[in-house]
Amino acid sequence: MAHDPTTVEFSAATARSAEWEQWEALMSQTYVPLSIDCFHPEQPFYGRVTTTPLAAPADFSLTRVAGSNQEFRRSKTQVARTDDEYLLASIHFGGEACLSQGGRSAYLAPGDMVFYDTSKPYNWSSGLEFEQVVVQVPIRLLRERPGLGRLELPTAVTVPAASAAGVVAGFFCNLARVQQESPDQADVLARSALDLIGSAVLLTAGERLADAPADSLGRERVMTYLHDHYTDPDLTVDEVAHACHISRRTLFRIFDDTSDSLNTTLRRMRVRHAEILLARDRSRPPAAVAFDSGFTSERHFYRVFRQETGMTPGEYRQAHIR
């Protein structure tokens with residue numbers, strides 16, 4: 001029996017609206033109880049979710065969700081109020097995102113996938129606009145699969161599109177597309193969905209534990225620490241290295257294989273935080289925004305902000321006033 005997709009969409013001139021509350025309630029109903037914060041309360045937002053139950057010997061679903069101006073959080077209190085436990089696999093294909101859970105943070109570019117466990121708190125921070133496919137499967141069903149009974153689930157670990165597990169991510173992205181065009185054919189493909197998601201979990205756990213854990217897990221620790229401390233103007237390379245139990249040389253080597261250096265990564269975190277403050281609180285002086293975002297001086301803040309955004313802080317604030 002084919003399952004026709006169901007699409008619900010909300011949009012409003014500002015996040016301070018009834019539509020925002022309805023969107024938050026819909027997301028909690030679609031997945032698990034969670035909270036949604038907005039980056040810019042006075043700015044427009046939209047949210048769209050398309051849901052289809054998977055034709056498989058199990059109760060799990062595939063969704064396609066898109067939106068703007070929002071961040072998802074699941075707290076300890078919300079976890080305690082829910083009995084259902086799911087593993088979510090999010091395949092990101094629009095914008096950039098960061099998933100934090102269990103002391104780790106996974107940074108995603110289009111094509112990357114990440115797993116997260118709804119029985120534990122998590123924070124999902126997307127760019128100003130995002131789009132992703134989400135596979136939701138009860139953890140009890142995964143535990144019944146060979147090799148997954150007692151396996152530590154590889155949550156908050158970036159799964160690159162080019163990896164073996166990334167092939168599975170590509171399958172689910174294509175499945176979401178086929179469901180839109182031909183639900184009958186999608187049902188045939190979905191019969192292998194549980195086996196495939198289980199294989200992706202095994203592959204991701206194996207790569208994390210066996211292939212090259214030193215640099216990959218080291219980078220996770222560093223990114224998590226930066227995410228928690230980037231607003232500290234006194235943060236130093238030595239402090240980051242010491243907190244992550246690595247040498248300065250190892251710290252810089254971790255970023256050698258990436259497009260951004262350590263300093264560039266830290267600078268962009270601070271600029272993004274400044275963008276939020278500038279749009280959220282129009283009365284806050286630029287000097288206060290600079291310090292609260294981790295910059296050591298207002299002059300340095302102006303120079304870096306313009307390099308990253310193409311605008312001065314004042315121009316950015318003016319452009320985001322409605």
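This is a predicted model: local features need pLDDT of at least 70, side-chain atom pairs count only at pLDDT 80 or more; totals for chains, interfaces and linings use all residues.

**Exercise 1. Check the span of helix α1 and find which of its residues are buried.**

Step 1. Start with the span: α1 covers residues 18-30, which makes 13 residues. From its first C-alpha to its last it reaches 18 Å, close to the 18 Å expected at 1.5 Å a residue.

Step 2. Now look for residues with under 20% relative accessible area, the cut-off for buried. In α1 these are Trp20, Trp23, Leu26, Met27 and Thr30. They sit on the same side of α1, because they cover an arc of only 120 degrees around the axis.

Step 3. Finally, see what covers the buried residues of α1. The cover includes the strands β1 (6-12), β2 (35-37), β3 (45-53), β4 (61-68), β5 (71-74) and β11 (129-138).

**Exercise 2. Describe the cavities and what lines them.**

Step 1. Begin with a general idea: rolling a probe the size of a water molecule over the atoms shows where empty space is left. The count here comes to three cavities of 30 Å³ or more.

Step 2. The largest cavity holds about 130 Å³ of space. Its lining is made by Met27, Tyr31, Leu34, Val65, Phe72, Leu88, Tyr116, Tyr122, Trp124, Gln132 and Val134.

Step 3. Sort the lining of the largest cavity by class, and you get ten nonpolar residues, one polar and no charged.

Step 4. Move to the second largest cavity, with a volume of about 50 Å³. Among the residues that line this cavity are Pro5, Thr50, Arg64 and Gln180. At least two lining residues come from each of β3, β4 and α4 (164-181). By class, this lining has three nonpolar, five polar and one charged.

**Exercise 3. Explore the second largest pocket.**

Step 1. Find its volume: about 270 Å³. It is lined by 18 residues, and the closest to its centre are Asn263, Leu266, Arg267, Arg270 and His300.

Step 2. Ask which elements give two or more residues to the lining of this pocket: they are α8 (237-243), α10 (262-280) and α12 (298-309). The largest share, five residues, comes from α10.

Step 3. Sorted by class, the lining of the second largest pocket has nine nonpolar, six polar and three charged residues.

**Exercise 4. Work out how α12 is placed, and what comes after this helix.**

Step 1. Check the span: the twelve residues of α12 should reach 16 Å at 1.5 Å a residue, and the end C-alpha atoms are 16 Å apart, which agrees.

Step 2. Pick out the buried residues of α12, namely Phe301, Val304 and Phe305. They fall within an arc of 105 degrees seen down the axis, so they line one face of the helix.

Step 3. On the other side of α12, Arg299 and Gln307 are exposed. The buried residues, in turn, pack against α10, α11 (286-292) and α13 (313-319).

Step 4. After α12 comes Gly310, with a positive phi near 80 degrees.

**Exercise 5. Where does Ala156 lie, and is Ala156 buried or exposed?**

Step 1. Ala156 is in the loop between α3 (139-143) and α4.

Step 2. Its relative accessible area is 0%, so Ala156 is buried.

Step 3. Although Ala156 is not a glycine, its phi is positive, about 55 degrees.

Methods: Residues are numbered from 1 along each chain as its sequence is written. Side-chain values use heavy atoms; hydrogens and water are left out. Helices (H or I, at least four residues) and strands (E, at least two) are DSSP runs, numbered from the N terminus. The expected span of a helix is 1.5 Å times one less than its number of residues. Buried means under 20% relative accessible area, exposed over 50%, partly exposed in between (1.4 Å probe, protein chains only). The arc is that of the directions from the helix axis to the C-beta atoms. Contact means heavy atoms within 4.5 Å. On a 1 Å grid over the protein atoms alone, a cavity is a set of points where a 1.4 Å probe fits but cannot get out, and a pocket is an open set with protein on both sides within 12 Å along at least five of seven lines; lining residues have an atom within 4 Å of a point. Grid points are joined across faces, edges and corners, and a volume is the space filled by probe spheres set on the points. Ala, Val, Leu, Ile, Met, Phe, Trp, Tyr, Cys and Pro count as nonpolar, Asp, Glu, Lys and Arg as charged, and the others, Gly among them, as polar.
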